[in-house]
Amino acid sequence: MAERRDGTPAPTDTTVRAPDWDAADLSGAAHERVLFTDADLTEATGTDAVFSECTFRGARFNVASFTDSAFLNCTFVRCSFFDATLTGCKFVGSMFDGCSFDLLKVRGGDWSFTGLPGADLRRAEFADVRLREADLAGARLAGAVLTRCDLSGTWWREADLRGCDLRGSEISSLDPTAVSMRGAVIDPVQAIVLAVAMGLEVREERAAPR
């Protein structure tokens, strides 16, 4: 779960060393409690693949594309997701430690309870993603895209949201005094939410007397 802040991996039963899945089609694959070390998933694809309580160490998901697949309660340590595309995937309860996400694109799916503390997501895009109670404490999100996401209950402490596009997302758990937000892009509804979070009283303008 996301509370594995120290990066302790989920317990595993089997170890697979350096699997070569370069450009492989992993559709329908199913793995449970497996430790994968130095896996090469460059340009790999997959639909309905399921990895449950697995650990990936040094895996390369560069330019990979997964659709409607699940990585449940998994641990990712020093993995690369350069230009990967994840559509409708589930990462519920998974933890990321020392991973890179340059040009990652996430479309839909459920990332609730996911641990991304301190993650560098500056060039990542999340759209229509469920991120309930995700751990984004200290995450670097300057210039990132988090649009139309469910971020209720998310942990934000000391996150860098400068220039981040948050339009359409649920951000009621965001304390603007505990993060950096200069230049962040928000919509009018979110502006009211943040104003209330800062203790401001929002009122409609009184009509001018006749």
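Me: What does contact mean here, and which residue between Leu 41 and Thr 45 in the list for Phe 66 is in contact with Phe 66?
Reply: Contact means heavy atoms within 4.5 Å. This is a predicted model. Leaving aside neighbours within four places in sequence, Phe 66 is in contact with residues including Leu 26, Leu 41, Thr 45 and Gly 46. Listed between Leu 41 and Thr 45 is Ala 44.

Me: How many residues are in the largest nonpolar core?
Reply: Some members of this core touch the most other members, among them Phe 56, Phe 61 and Phe 66. Phe 76, Phe 126 and Leu 141 belong to that group too. The number of residues in the core is 57.

Me: Is Ser 94 buried or exposed?
Reply: Ser 94 lies in the loop between β10 (85-87) and β11 (95-97). Beyond its neighbours within four places in sequence, its contacts include Phe 71, Phe 76 and Phe 113. Buried means under 20% relative accessible area. Ser 94 has 0% relative accessibility, so it counts as buried.

Me: How far apart in space are Pro 19 and Met 95, C-alpha to C-alpha?
Reply: Pro 19 sits in the loop between β1 (14-17) and β2 (30-32). Pro 19 counts as buried, at 11% relative accessibility. In sequence, Pro 19 and Met 95 are 76 residues apart. In space, C-alpha to C-alpha, the distance is 21 Å.

Me: Which residue forms a salt bridge with Arg 60?
Reply: The closest N and O atoms of the pair are 3.7 Å apart. Arg 60 lies in the loop between β6 (55-57) and β7 (65-67), and its partner in the loop between β3 (34-37) and β4 (45-47), so the pair ties together parts 20 residues apart in sequence.

Me: How many residues apart are Lys 105 and Asp 83?
Reply: Their side chains meet in a salt bridge (2.6 Å, N to O). Lys 105 is in strand β12 (residues 105-107), and Asp 83 is in the loop between β9 (75-77) and β10. The pair links distant parts of the chain, and the separation is 22 residues.

Me: Is Asp 160 buried or exposed?
Reply: The side chain of Asp 160 meets that of Arg 162 in a salt bridge (2.7 Å, N to O). Arg 162 counts as partly exposed, at 44% relative accessibility. Asp 160 has a relative accessible area of 15%, so it is buried.

Key
Residues are numbered from 1 along each chain as its sequence is written. This is a predicted model: local features need pLDDT of at least 70, side-chain atom pairs count only at pLDDT 80 or more; totals for chains, interfaces and linings use all residues. Side-chain values use heavy atoms; hydrogens and water are left out. Helices (H or I, at least four residues) and strands (E, at least two) are DSSP runs, numbered from the N terminus. Buried means under 20% relative accessible area, exposed over 50%, partly exposed in between (1.4 Å probe, protein chains only). A nonpolar core is a set of buried Ala, Val, Leu, Ile, Met, Phe, Trp, Tyr and Cys residues joined through side-chain atoms within 4.5 Å. A salt bridge is a side-chain nitrogen of Lys or Arg within 4 Å of a carboxyl oxygen of Asp or Glu.
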